[in-house]
Amino acid sequence: MQNLPQKQTSKNGMVVSPHYAASDAGVEILKQGGNAIEAAIAVASSLCVHYPHMTGIGGDAFWLIYDPKEGVSFIEASGYSGFNVNMSLYSGLKTIPFRGALAANSVAGAVSAWSLAYEKSKKEWKGKISPSILVSEAVNSGKNGVIVSQSLAQTIKDKKEELILDEEFAKIYYPNNKDLKQNDILIQEKLSKTLETLGKNGFDDFYRGEISTKIIDDFHKKNGLLNEKDLEQHQAVWKTPLNMKFSKGELYNASAPTQGVASLMILGLFDRWVEKLPKKDSANHIHLLVEATKIAFRHKDMMDTASTNEQLQAWLEPEYLDKLSKEINLDKALTWGEKTQAGDTTWFGAMDSQGRVVSAIQSIYHEFGSGFTLPQTGIVWQNRGCSFSLDETHIQALKPHKKPFHTLNPALALFDDGRVMAYGTMGGDGQPQTQAALFSRYAYYDEDLQKTINNPRWLLGRTWGNSSQSLKLEARIEDEIVNDLLNKGHEIEMLKEFDSAVGHAGAIVLNPSKIYEGAYDPRSDGKASSF
């Protein structure tokens with residue numbers, strides 16, 4: 001068994017991300033007197049360079065921000081489909097392709113999250129660190145090269161047939177028509193220059209400036225679907241987060257167009273069993289969360305990306321959750337035939353010395369998104385819009401200027417005893433499930449923060465390369481538990497001992513004693529970084 005990471009502690013601040021260099025970039029900002037927002041921007045930009053298969057400035061983002069004085073606020077920074085994007089562009093197709101120009105059909109919102117958050121940092125938190133310094137690690141790493149991780153190398157190898165078709169993508173990630181191997185050096189010079197320009201001109205330049213002009217020029221030259229109006233009309237917005245009281249405090253997550261409501265519902269249903277809590281990581285513990293997942297996902301599939309907070313909050317009311325919890329039978333699995341989504345993503349968190357917290361998630365959806373790469377800027381565009389349906393009667397039917405559904409959802413918890421916890425993971429529809437696994441272990445069983453992430457996990461539904469909707473268990477789960485779950489009626493498949501299918505999770509906690517704790521996922525290339 002691999003050496004497992006240990007929980008990190010600090011008295012000054014903490015940053016967690018799925019890549020060690022990005023975590024260190026965030027902590028370097030904290031050392032310079034920066035706040036949690038400034039540190040998170042440094043992490044976000046760094047991940048775009050070090051983890052380009054999982055995230056990028058061509059993707060979307062959602063941020064939860066906690067201020068001890070103000071409470072929790074929420075930035076929604078996902079992009080709409082283009083104004084000229086409609087069904088006729090996909091004539092003869094049953095589904096939207098997930099690679100190429102037809103997949104790059106929605107605006108990238110991630111950088112607008114940086115812009116809106118930076119504005120708050122500067123005006124309300126007296127942040128003083130310039131954008132150029134915040135992105136400096138990313139700029140330098142893109143120019144000088146990053147060490148290719150095992151995760152990145154594997155993706156480049158596995159997806160070559162699909163991704164090498166884009167000539168510009170191939171120049172960067174398949175230099176001289178060769179796969180980049182683990183520990184090779186990846187140069188992303190054009191992306192570096194783009195980030196440098198954003199640092200100099202300000203993040204809004206991505207939508208209304210020098211960079212946006214290059215983006216739209218490249219979309220036009222490559223017969224892409226987006227135009228100048230699509231970028232000009234985009235804005236990240238402040239929204240009210242979803243919240244739910246539970247027996248130990250209050251939970252927060254992102255509202256529409258994300259599945260944040262599902263993450264909260266799973267924990268809300270589990271909380272109904274607090275008086276007869278099963279043994280930690282037992283068959284009943286897993287079964288309860290899996291059954292809650294089925295109920296939550298049934299609701300998620302009924303939501304529209306334009307669903308209001310009021311509509312979604314109704315599913316989180318105590319009386320409604322009480323009613324739903326009666327559907328759970330501890331001895332028998334509910335039927336399951338849902339279609340779940342896989343997804344690659346990056347969650348990251350930052351806490352500063354003032355107790356301010358960011359829980360953020362940023363993604364280009366599938367690994368390397370659409371693969372549609374812009375020659376002047378080096379940006380790889382997301383394929384979030386391939387989640388639209390070409391069935392006009394479907395709730396997620398493709399229309400012009402419509403938001404696609406997002407699996408992304410950052411989480412945050414405020415405990416009655418004063419603890420503040422930010423946590424999250426990548427993994428498509430696995431995100432609510434992994435969140436539930438690690439949070440239930442920590443909150444209900446008082447398990448060590450790092451062990452909540454290290455310990456074996458599970459996934460109901462499909463993974464990349466596997467379309468089955470079975471309950472998938474990491475191989476470290478004991479045979480007795482596996483047999484108990486089979487006897488309850490679950491269809492079981494086994495994963496590797498440490499499998500990325502169950503996500504790359506992370507968590508940070510600020511205790512009332514002002515001690516910061518951080519934990520990252522051994523399934524990732526991450527780090528909990530502090531000083």
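Predicted model: local features only at pLDDT ≥ 70, side-chain atom pairs only at ≥ 80, totals over all residues.
**View 1. The surroundings of Gln 188.** Gln 188 sits in the loop between strand 6 (185-186) and helix 9 (189-201), where, with a relative accessibility of 3%, this residue counts as buried. Its side chain makes a polar contact of 3.1 Å with the side chain of Tyr 173. Beyond its neighbours within four places in sequence, Gln 188 is in contact with residues including Cys 48, Val 49, Pro 52 and Ile 172.

**View 2. Aromatic pairs between separate parts of the chain.** The whole structure holds 20 aromatic pairs. One of them joins Trp 114 and Phe 203, whose ring centres are 5.6 Å apart and whose planes stand at 85 degrees, so the pair is edge-to-face. Because Trp 114 lies in helix 3 and Phe 203 in the loop between helix 9 and helix 10, this pair ties together parts 89 residues apart in sequence. Phe 219 and Trp 381 also form an edge-to-face pair, with 5.0 Å from centre to centre, and these two residues are 162 residues apart.

**View 3. Charges over rings.** Lys 222 lies over the face of Phe 372, 4.7 Å from the ring centre, while Arg 476 lies over the face of Phe 498, at 3.7 Å from the ring centre.

Technical notes
Residues numbered from 1 in each chain as written. Heavy atoms only, no water. Helix = DSSP H or I, 4+ residues; strand = E, 2+ residues; numbered from the N terminus. Buried < 20%, exposed > 50% of the residue type's maximum accessible area, 1.4 Å probe, protein only. Polar contact = N/O pair within 3.5 Å; in protein donor to acceptor, adjacent residues only side chain to side chain. Contact = heavy atoms within 4.5 Å. Phe/Tyr/Trp six-rings, centres within 6.5 Å; stacked < 30°, edge-to-face > 60°. Lys NZ or Arg CZ within 6 Å of the ring centre and 35° of its normal.
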